[in-house]
Amino acid sequence: MSSSIAKSVQSHIDETPPRPLSSMQWQIWSLAAMGKLFEGMVIFITGVAVPLIERDFNLSSALKGSVAAASLLGILIGASLFGSLADRYGRKFVFVIEMAIFTIAIALSAVAWNVSALIFFLFCSGLALGADYPIAHIIVSESIPSRFRGRMVLGAFAFQSVGSLAGVLIGLLVLRIYPEVGAWHWMYAALVIPSILVFLMRTKLPESPHWLVSRKQFELAHRAAKALLQRPVAIAQNDSDGERQNPRLGHRKLLTPRYLRATVLTAVPWFLQDLATYGIGIFTPTILATLFTKAQPNFVFQDMIATEGSGLIDLFLLVGFAASIPLVDKFGRIPLQIIGFIGCSVGLIIASLSAVSIPESHELRILFIFGGFILFNFMTNLGPNAMTYVLSGEVFPTEIRGVGAGFAASFAKIGAVATAFFFPILREQIGTVALLCGLAVTSLLGALVTFLFRIEPNGHSLEELSEKPLV
């Protein structure tokens, strides 16, 4: 052991001599950010590719929705499954395995020979992306000083929006180089080499010292903390990080009175947020194509124009994140989530006005649809899309943090899968206006649930949050 004073893991991490973060902490952060980048790219590449896949395989509305929902369904299952495994076998183990699964699955998606194969491979890629939901958050949170934990977690999560924009740009670039229906194969293929590089780099990371202490592996925790912080440390061998518990009981514990408030806060608003975010995100190119390119006879050119418009709108996802990062540790998670939900509702109502008694060529139609979606994208990343993610990895103790964050992400993705599958069907049956207004109501409900079940972790260390849930 080092001659340093024995302290808890978080006490060592919260010290800042002489630099706030070590190179290893930055490496962990960047590799977590890459996982979120891939998620945004897959989801939004699918949004660009769906019209091409629909034409290539002559899909019905139900199969079209299945393609869009496949990766989201995988995320739903993967977040819960791998979150539990991370509590049982370690953060690093899952962090590495998930990227191996993603690399194989996305490569097979690129060469899918029919719609059934494509749906299956996208589902498998979603399993890996689902694992990244709890693990990327946790591995960053457990490595970062408390006072700017929120900013660092949000900074990594912001790469989901970087990926969203990159996915749209990749789709547009591929369409310009190869303006054919089969261009969607190359869109997915573009992700293979970057994912291999991320996999190799993740194998070199240390395990989370927090997790090792929760498992009473103090010597390994000492080594991991030394590798993480790149300075001498001595981990206190006591029970301050909580008693070792059986991770198999984690899901059951989430519904006990002790943790029910945290479970509702992390799961229900995230579910309501995903209903709108994924429906709007995936089908923005389709909506724009329907509204503004009907007169264009060339199908691929329609998709290209709609993709350009979608890219402009998706840019404001990044603007929303840029606004949230400096505010999250200043004003807290709960106020930003409530304000964001309300702003999302206003944006969707404005967008719905584009289809109400306005001629197709009128400038107001363009103003309402673009203005509404831009406001929605900005407010969702200022508030609920960002804050639900941050909260899920903070309000549960170390021994069930993976289970809690994974359950919240999985429950949320029920909403994402539902909206991805039913969005094209509902648009045909009830129309765009009714659908957007319905999603506006769910955003207001998200604000209400957030207020009623609020827990504010801002300013508290993970060890404080592990000792007892805040109310």
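This is a predicted model: local features need pLDDT of at least 70, side-chain atom pairs count only at pLDDT 80 or more; totals for chains, interfaces and linings use all residues.

User: Why is the contact between Arg91 and Glu142 called a salt bridge?

Analyst: The term requires a side-chain nitrogen of Lys or Arg within 4 Å of a carboxyl oxygen of Asp or Glu. The closest N and O atoms of Arg91 and Glu142 are 2.8 Å apart, so the pair meets the definition. Arg91 is in helix α4 (residues 91-110) and Glu142 in the loop between α5 (115-141) and α6 (149-157), so this pair, 51 residues apart, links distant parts of the chain. Helices here are DSSP runs (H or I, at least four residues; strands are E, at least two), numbered from the N terminus. By the salt-bridge rule the count comes to nine.

User: Why are Arg91 and Glu142 classed as they are by accessibility?

Analyst: The scale calls a residue buried under 20% relative accessible area, exposed over 50%, and partly exposed in between, with a 1.4 Å probe and protein chains only. Arg91 has 1% and therefore counts as buried; Glu142 has 0% and therefore counts as buried.

User: Which salt bridges does Glu394 form?

Analyst: Glu394 pairs with Arg149, with the closest N and O atoms 2.8 Å apart. That pair links distant parts of the chain, with Glu394 in the loop between α17 (384-392) and α18 (401-452) and Arg149 in helix α6, 245 residues apart. Glu394 also pairs with Arg333, with the closest N and O atoms 2.6 Å apart. Arg333 lies in helix α15, so this second pair ties together parts that are 61 residues apart in sequence. Through shared partners, salt bridges join Arg149, Arg151, Asp329, Arg333 and Glu394 into one network.

User: How do you know whether Glu394 and Arg149 are buried or exposed?

Analyst: Glu394 has a relative accessible area of 0%, and is therefore buried. Arg149 stands at 1% and so counts as buried. Arg333 is buried as well.

User: What makes Ile349 partly exposed, and Trp186 exposed?

Analyst: Ile349, in helix α15 (residues 333-352), has 42% relative accessibility and so counts as partly exposed. Trp186, in helix α8 (residues 184-189), reaches 55% and therefore counts as exposed.

User: Which residues form a nonpolar patch on the surface?

Analyst: Leu173, Ile177, Tyr178 and Trp186 form this patch, with about 490 Å² of accessible area together. Patch members have over 30% relative accessible area and no salt bridge; nonpolar side chains (Val, Leu, Ile, Met, Phe, Trp, Tyr) are joined within 5 Å, and like charges within 9 Å. Areas come from the Shrake-Rupley method with a 1.4 Å probe, and for residues only the protein chains shown count as cover.

User: Why is Ser8 called buried?

Analyst: Its relative accessible area is 12%, so Ser8 is buried. Ser8 sits in the segment before α1 (9-14). Ser8 and His210 are 202 residues apart in sequence and 9.0 Å apart in space, C-alpha to C-alpha.

Methods. Residues are numbered from 1 along each chain as its sequence is written. Side-chain values use heavy atoms; hydrogens and water are left out.
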